[in-house]
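Work through the following exercises with the structure in view, and try each task before reading its solution.

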There are 6 protein chains.
Amino acid sequence: MNEKDTFKLCVINPNTSEAMTKQIYLAAKSIASPNTKITCTNPRFGPESIEGFYDEAFCVPGIIEEIEKNQDSEAYIIACFDDTGLDASRTFTDKPVIGIGEASYHAANMMGGQFSVITTLPRSISALENNLKKYGLYQNCCSVVSIELPVLELEKQPNMTEEKLQAKIEHLLDKTRTEIIVLGCAGMQNFASKMQTKFGVPIIEGITSSVKFAESFVALGFKTSKKSSYSYPRQKRYLGKFHKYQPKI
Amino acid sequence: MNEKDTFKLCVINPNTSEAMTKQIYLAAKSIASPNTKITCTNPRFGPESIEGFYDEAFCVPGIIEEIEKNQDSEAYIIACFDDTGLDASRTFTDKPVIGIGEASYHAANMMGGQFSVITTLPRSISALENNLKKYGLYQNCCSVVSIELPVLELEKQPNMTEEKLQAKIEHLLDKTRTEIIVLGCAGMQNFASKMQTKFGVPIIEGITSSVKFAESFVALGFKTSKKSSYSYPRQKRYLGKFHKYQPKI
Amino acid sequence: MNEKDTFKLCVINPNTSEAMTKQIYLAAKSIASPNTKITCTNPRFGPESIEGFYDEAFCVPGIIEEIEKNQDSEAYIIACFDDTGLDASRTFTDKPVIGIGEASYHAANMMGGQFSVITTLPRSISALENNLKKYGLYQNCCSVVSIELPVLELEKQPNMTEEKLQAKIEHLLDKTRTEIIVLGCAGMQNFASKMQTKFGVPIIEGITSSVKFAESFVALGFKTSKKSSYSYPRQKRYLGKFHKYQPKI
Amino acid sequence: MNEKDTFKLCVINPNTSEAMTKQIYLAAKSIASPNTKITCTNPRFGPESIEGFYDEAFCVPGIIEEIEKNQDSEAYIIACFDDTGLDASRTFTDKPVIGIGEASYHAANMMGGQFSVITTLPRSISALENNLKKYGLYQNCCSVVSIELPVLELEKQPNMTEEKLQAKIEHLLDKTRTEIIVLGCAGMQNFASKMQTKFGVPIIEGITSSVKFAESFVALGFKTSKKSSYSYPRQKRYLGKFHKYQPKI
Amino acid sequence: MNEKDTFKLCVINPNTSEAMTKQIYLAAKSIASPNTKITCTNPRFGPESIEGFYDEAFCVPGIIEEIEKNQDSEAYIIACFDDTGLDASRTFTDKPVIGIGEASYHAANMMGGQFSVITTLPRSISALENNLKKYGLYQNCCSVVSIELPVLELEKQPNMTEEKLQAKIEHLLDKTRTEIIVLGCAGMQNFASKMQTKFGVPIIEGITSSVKFAESFVALGFKTSKKSSYSYPRQKRYLGKFHKYQPKI
Amino acid sequence: MNEKDTFKLCVINPNTSEAMTKQIYLAAKSIASPNTKITCTNPRFGPESIEGFYDEAFCVPGIIEEIEKNQDSEAYIIACFDDTGLDASRTFTDKPVIGIGEASYHAANMMGGQFSVITTLPRSISALENNLKKYGLYQNCCSVVSIELPVLELEKQPNMTEEKLQAKIEHLLDKTRTEIIVLGCAGMQNFASKMQTKFGVPIIEGITSSVKFAESFVALGFKTSKKSSYSYPRQKRYLGKFHKYQPKI
């Protein structure tokens, strides 16, 4: 259980926006331990942003492909708040796979108190709530709200994003029992520090949280249990364009 | 709200096993109203059976493609007990989309009493339980158990399948509070009637249940709410081999 | 498991208002398959409307009597949103018995998204919520609200009813996460279609939904499990005016 | 909030077995404060024992009638573990109405630790579990089990009853985490003390518990809130043989 | 199971405010049966009021000491709404120990309908909600709210307290589904009767409720189960200033 | 948000067994990053082991004292699986405080699959389950079981401990759906690695997990929200021997 000299961590942005991948890389890099070597990547194919269940579905094959390409990594982060493809990925590899959504919620719970999640569009609220219920962490969640800005606008309109985030956080702290804020989109990451200073409550952001958890789990020697739910895919034929993803012996 | 003269129903087997598609077609046909015109199809690409989260992920693009090819259908059934791709499909179309898992669980609840679900392999238990919890129907579920036979063996070894099913049902009725049996795999469908006669309790099977529900919802004029969770995919770029699935205006 | 040539369905209005029974008959008739022969009836004795737990209690003996009178029916619908007497009825017969409340909630869940229920008076909210929790479907319920109109006023004051329903639906869609509306009283049935057209979200109504479910369950050959919870009443003496309801051998 | 000089408590055995009413009276009397004047009664009509949902339904009108006949009582106890007619009774009067089931479960929770409930027949398990869930107290309930003896046999075969109770309690204490026993049928009441001595864990019985709670609530001046859920029945016509139960102004 | 001639009840105010102890004594005395001999006490050391988790922790040793000093009592009440030290106390003695919080919530549930709890400061809301969830009674709780007055101000500023309580109750009854009020602080006890008269809904207060429950449990002969969760402390060394609390053989 | 050059972490063994403190120190040290400076301490007073609610109560003042003595630390770990005093500690300081119980459960949830917890004595099961429910993580917990060995025996009888642990793990993996093991006592820590090798599933141990989480949270700049639940103790008088713990301005 000694910490490794060098630890390879693969952070996968599940959408195809390379600008966002770059941003995610910088966030991950900023918090990583010196001996963590970060590879940040995104699928070659699929949607340029994830907004709802349809987009999600077209990211998972690409995520699997990136995990396969980066098999020398010792842990994987899926950098979308919907924790897209998390179960499939955990089946594919026995190395720790962490979703930035779950990492944030677990961190919020270990800091204590009621938290609220701020996402981009109303359509994402259900997906996030489904996950919170699945993880069991919905009971400490005060609310999941949206700022009504599409994902790709966050980067294009940083001022409007900041204004809307700020107004929403103000509302949550003043009018609800919210004690902790979770920024529920990878694209909001660069506002975390500023908002934490401004409002004096923990502002939890998923990329940085999951980098530390990934480092932790590798140091701890944890692997995904292969006993049942996440046992390796059974060998079988995959036809057509998905033949290449056919499980190997 | 009058029943349509002819109603086109598209039943999608999410795996690529054409033998199973044929079997599903026969089951659907056997229960359908005379004016229901059934199309039974399966994706051109992907896994030949669904056993766990990894296989699931590689079925969803194919399911979407089949929905798109069958746009003149008035309702869709996803004929896998994991309800694979149900959320993505409901986002893609406003016509009713029904999973055979959910159809069975809702039917069991409306018949009253504790039900148990019998699936194929232990690895599928978690996926089914996750769904039951998400739908809220886990509280009336006595247990989810497996007969430890892979999906494709059901068809190849009908005798062993029958024996194992029978032994499991006997055990559930004798030793647990189970009052209703749900056969938790499309491939078990053809044993439902025989087991119901043998054991004298309702044996619920998903294909036939969902055909009747699909006919019902179309007659009732129901559509998926496009207000928020299942609003149409937002227009955006899909790169590479998934470009063809890019949401249209 | 073939659909029957003619299917006899008994719809029981649990209150003694014959005007409402007529209205329920028309709603049921409008959606029924051509080969469904509907009998719509109500008890000879008991309250003229059901508003709260007290009225409920005085409907159940009458419901049982109507089931007994209509023993040649193959399924029964209890046309009150409180699902009055559902458990007792399922004990009395092994044929499917469906409550219009449960039918609506299950339909709403299979259409996906958050639903809200609109009832008549505040006193009915608890009864509906108790049922939703018992069925497990409260978790997808956004809210149960009332329009503060007694049941019998719905028919006498159609304009006011429409106005109040419309205002309530507008509020629910604008100010809450409601994506689907359930009209929580048999007497609201005739506004469903108009409201669905007006608001563009599914407006679920219990009578029509339960007719289709009843047809479905009969076609599927489902019966209530007599193993335990709903086993036939044990033979025993019933004294006095309830002697006639004494369970037979 | 002073304790009354004399307090009239009406204990209603909801079935028509007068032998059981007598037994209930003795149990209630044995624990009551000297200034509590107990009336123990049962309906003039209805089933001689309650075993499942059907019997339950035919007890509620009789319970209401007994409450009306005993309007000078200051509190009512419904002496059936199913808490039959509790909601209807609370609507009919504003005086405290206590079910022996709920009284036992609340007492068990205030004594601390996991409890198990022992009932008569398997068919009653669902009804008891439904109540436990409705009250919120199922989470501290280890199990609900039955000794497979009909209600009326308890009195006729005291030796067999004692043997079966003893064996079941032994099993629960040895093989499960049960720390407290709830005797889930009024007819088991006279074994409570003996079993408590024998096994050294609390054996909770509903009649005595609810007598003390009724005395407490009257002393405390509590009344049922008439704000909404349990507001008085609205004035309306009741037809036929239930005309006499029609709500008065 | 006969009621004792004289029953010694020890009411422990867990904080060191003797003025509050006196007030609690008067409340307890006002409701107690003539043959109940009340001892009201408070620890010699610790905080003068309990407002949050920190204060709570420093009350438990003092509570245990008071129980030990009053070993001739037959039941104990912990007169703080947080139910401070309840589990530890139940481990230390086998006599009934009742928290005024739990007593109030159980009473509210047996009166029926949705209740709301009014506490002093926002910081106490989480502690109360945690307890409600632990007891299973959160599901019938409409809300937990605070009047933003510190505990010790309740006594010093009775007029302001009354005004704030009144305003909060008005709000809860008008704007929420609240049907019953629980006054969530021992210091609010003397407003219960007045508010009940004013608003006409049950106003539940913990001291009086728990006195009646304690009397009930002693009359019923209940003891805390020593089977597992609350078995007596195991013999072991306690060092330093807590040596005197070391469990004896 | 940069990782600190040197990070001071205070690990508090809440009991007074210095042998166990030493063992905990070695475990913490073995996993800590090179720049983490670990102080491992235990209270000067209180019980030598924690087995149930009574022992717990006498550890919290000592824990607070150790936090105060080590105010230059940047995070605190409470090294008892009951997470003793966690809420009080989070109120006392704004630096991260982590319980080894919660750390293990959150880690298990992020590794995926059903976990079981193995504790020492049956009396501890309730305390652990209460925590699991409070954190929301009970739904993924397969079972909490005990090996029926007191805490202090673990160290004295390593062979018997190993045998019993091994037998219990074998049972859990063979007979239940357990996929991950959580060793639910600090004293079992040194068997984790061996058992993980032997059984091939993740064996999670709380000391090492919480060290990594503490390092993570400090690197992330997280602090406990002081908005409400965990706001600093209000200034007030603490009498007698607890005067020294009186909150300061």
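Which residues does F:Gly52 touch, not counting residues up to four places away in sequence? In this predicted model, the residues that F:Gly52 touches are F:Arg123 and F:Ser124, once residues up to four places away in sequence are not counted.

**Exercise 1.** Locate F:Gly52 in its chain and decide whether F:Gly52 is buried or exposed.

*Solution.* Begin with the place in the chain: F:Gly52 lies in the loop between strand S3 (46-47) and helix H2 (53-57) of chain F. Next, take the relative accessible area of F:Gly52, which is 5%; because buried means under 20%, F:Gly52 is buried. Finally, look along the chain to F:Ile203, which is 151 residues apart from F:Gly52, and find that the C-alpha atoms of the two are separated by 24 Å.

**Exercise 2.** Describe the open sheet of chain C and the helix that packs on the sheet.

*Solution.* First, write down the strand order, which is S2-S1-S4-S5 in this open sheet of four strands, with parallel pairing. Second, identify the edges, strand S2 (36-41) and strand S5 (97-99) of chain C, each of which pairs on one side only. The twist from one strand to the next averages 20°. Third, examine one pair: strand S1 (residues 7-12) and strand S4 (residues 75-78) of chain C pair in the parallel sense over four bridges, and C:Leu9 stands opposite C:Ala75 in S4(C).

**Exercise 3.** Determine how helix H5 of chain A is oriented towards helix H5 of chain F, and which residues meet.

*Solution.* Start from the axes of the two helices, each covering residues 100-111, which come within 11 Å and cross at roughly 170°. Angles over 145 degrees count as roughly antiparallel, and therefore H5(A) and H5(F) are roughly antiparallel to each other. Then list the partners: A:Glu102, A:Ala103, A:His106, A:Asn109 and A:Met110 meet F:Glu102, F:Ala103, F:His106, F:Asn109 and F:Met110.

**Exercise 4.** Work out what kind of axis relates chain E to chain A.

*Solution.* Chain E can be laid on chain A by a turn of 120° and a shift of 0.0 Å along the axis, with an RMSD of 0.0 Å. That is the relation of a three-fold axis. Among the residues of chain E, E:Gln139 comes closest to the rotation axis, with its C-alpha at 7.0 Å.

Methods:
Residues are numbered from 1 along each chain as its sequence is written. Chains are lettered from A and ligands numbered from 1 in the order in which they are written. This is a predicted model: local features need pLDDT of at least 70, side-chain atom pairs count only at pLDDT 80 or more; totals for chains, interfaces and linings use all residues. Side-chain values use heavy atoms; hydrogens and water are left out. Buried means under 20% relative accessible area, exposed over 50%, partly exposed in between (1.4 Å probe, protein chains only). Contact means heavy atoms within 4.5 Å. Copies are superposed by least squares on the C-alpha atoms of residues with pLDDT of at least 70 in both. Two strands pair if DSSP finds at least two bridges between them. Axes are lines fitted to C-alpha atoms, for helices over the stretch in contact, and angles run from 0 to 180 degrees between N-to-C directions. Angles under 35 degrees count as roughly parallel, over 145 as roughly antiparallel, 65 to 115 as roughly perpendicular and the rest as oblique.
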